[in-house]
Amino acid sequence: EHKMNKRKFFVGEDAPTEKKRKGIVIRLRGGREFRARLVMSILSKRRITITGIREAEEEPGLGRDEASFVRLLDKLTSGSRVEINQTGSALKLVPGFLVGGKIEHDVSRSGRGIGWFLEGLLPLAPFCGKPLELILLGATCAGPSWRSVDAIKHGPLVWLASDFKIECSLIIEKRQAVSSKQE
């Protein structure tokens, strides 16, 4: 016998209020789409718990790049709370408010280029309280699986400016390649 999953949809007075939703925690397993999960948590103002982040691998838990991205999100928001367990294989995020402003962050030791970080931050930038002035220090070139700073400058930033009328620019003051130690 086949049983259908029951889902509740609320309309009008029966819809859960913001106060009722505050206690809801979205629980996810694994490290797939890590940046997107954190970004969606912040945009939706929903708490998130991610467990089982590469726990079966030789080096379990968050990578240097992911840990650096979490630190960058913490600088971008006010009131966010992040808890990471000792092995780095579980993370809890209570999102705060997107503040924006002038933020400087060094990504050079993360093993990823600046483009990887920009890709994750672009969906958040239009919703910051203050215009975002982001200074990222690190590699500007693209690795095999991430976009270069130039690709972002001539792709998504042009799209944000033309379609959404969001004033944005990207200035590359100095170019740097990923060192062989970081790959």
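This report walks through some salt bridges, a helix, a core and a few ring pairs in a predicted model.

## Salt bridges across the chain

Let's start with charge. Side chains of opposite charge can pair when their charged atoms come close. Searching the whole structure turns up five salt bridges.

One of them brings Arg29 and Glu55 together, with N and O 2.4 Å apart. This pair links distant parts of the chain: Arg29 belongs to strand 1 (residues 25-29), while Glu55 sits in the loop between strand 2 (47-51) and helix 3 (64-76), 26 residues apart. How open are the two partners? Arg29 has a relative accessible area of 51%, so it counts as exposed, since the cut-off is over 50%. Glu55 comes in at 43%, so that residue is partly exposed.

## A helix-to-helix tie and a loop tie

Next up, Arg35 and Glu119 form a salt bridge at 3.4 Å, N to O. Arg35 is in helix 2 (residues 34-44) and Glu119 is in helix 4 (residues 114-121), so this pair ties together parts that are 84 residues apart in sequence. Glu119 is partly exposed, at 27% relative accessibility.

Glu66 and Arg54 make another salt bridge, and their closest N and O atoms are 2.2 Å apart. Here helix 3 supplies Glu66 and the loop between strand 2 and helix 3 supplies Arg54, so the parts being tied are 12 residues apart in sequence. Is Glu66 buried or exposed? Its relative accessibility is 7%, so Glu66 counts as buried. Arg54 is partly exposed, with 25% relative accessible area. Salt bridges with shared partners also join Arg35, Glu119 and Arg147 into one network.

Helix 3 has 13 residues, and at 1.5 Å a residue it should span 18 Å; the C-alpha atoms at its ends are 18 Å apart, which agrees. Several of its residues are buried, including Asp65, Ser68, Val70 and Leu72.

Take Leu73: setting aside residues up to four places away in sequence, Leu73 touches Leu38, Ile42, Leu121 and Leu124.

## Rings around Phe69

A pair of aromatic rings is described by the distance of the centres and the angle of the planes. The structure holds three aromatic pairs. In one of them, the rings of Phe69 and Trp116 have centres 5.9 Å apart and planes at 70 degrees, so the pair is edge-to-face. Phe69 is in helix 3 and Trp116 in helix 4, 47 residues apart. Both of these residues are buried.

Phe69 pairs with Phe117 too, and that pair is tilted: 6.3 Å centre to centre, with 40 degrees between the planes. Phe117 is in helix 4 and Phe69 in helix 3, so the pair ties together parts that are 48 residues apart in sequence. Together, ring pairs link Phe69, Trp116 and Phe117 into a cluster.

## A look at Thr77

Thr77 lies in strand 3 (residues 77-78) and is buried, with a relative accessible area of 8%. What does its side chain reach? The Thr77 side chain reaches the backbone oxygen of Leu73 at 3.0 Å, and it makes a polar contact with the side chain of Ser80 (2.7 Å). Leaving out neighbours within four places in sequence, Thr77 is in contact with Ile42, Gly96, Phe97, Leu98 and Val99.

Methods. Residues are numbered from 1 along each chain as its sequence is written. This is a predicted model: local features need pLDDT of at least 70, side-chain atom pairs count only at pLDDT 80 or more; totals for chains, interfaces and linings use all residues. Side-chain values use heavy atoms; hydrogens and water are left out. Helices (H or I, at least four residues) and strands (E, at least two) are DSSP runs, numbered from the N terminus. Buried means under 20% relative accessible area, exposed over 50%, partly exposed in between (1.4 Å probe, protein chains only). A polar contact is a pair of N or O atoms within 3.5 Å; within protein, one must be able to donate a hydrogen and the other to accept it, and residues adjacent in sequence count only if both atoms are side-chain atoms. Contact means heavy atoms within 4.5 Å. A salt bridge is a side-chain nitrogen of Lys or Arg within 4 Å of a carboxyl oxygen of Asp or Glu. The expected span of a helix is 1.5 Å times one less than its number of residues. Rings of Phe, Tyr and Trp (its six-membered ring) pair if their centres lie within 6.5 Å; planes under 30 degrees apart count as stacked, over 60 as edge-to-face and the rest as tilted.
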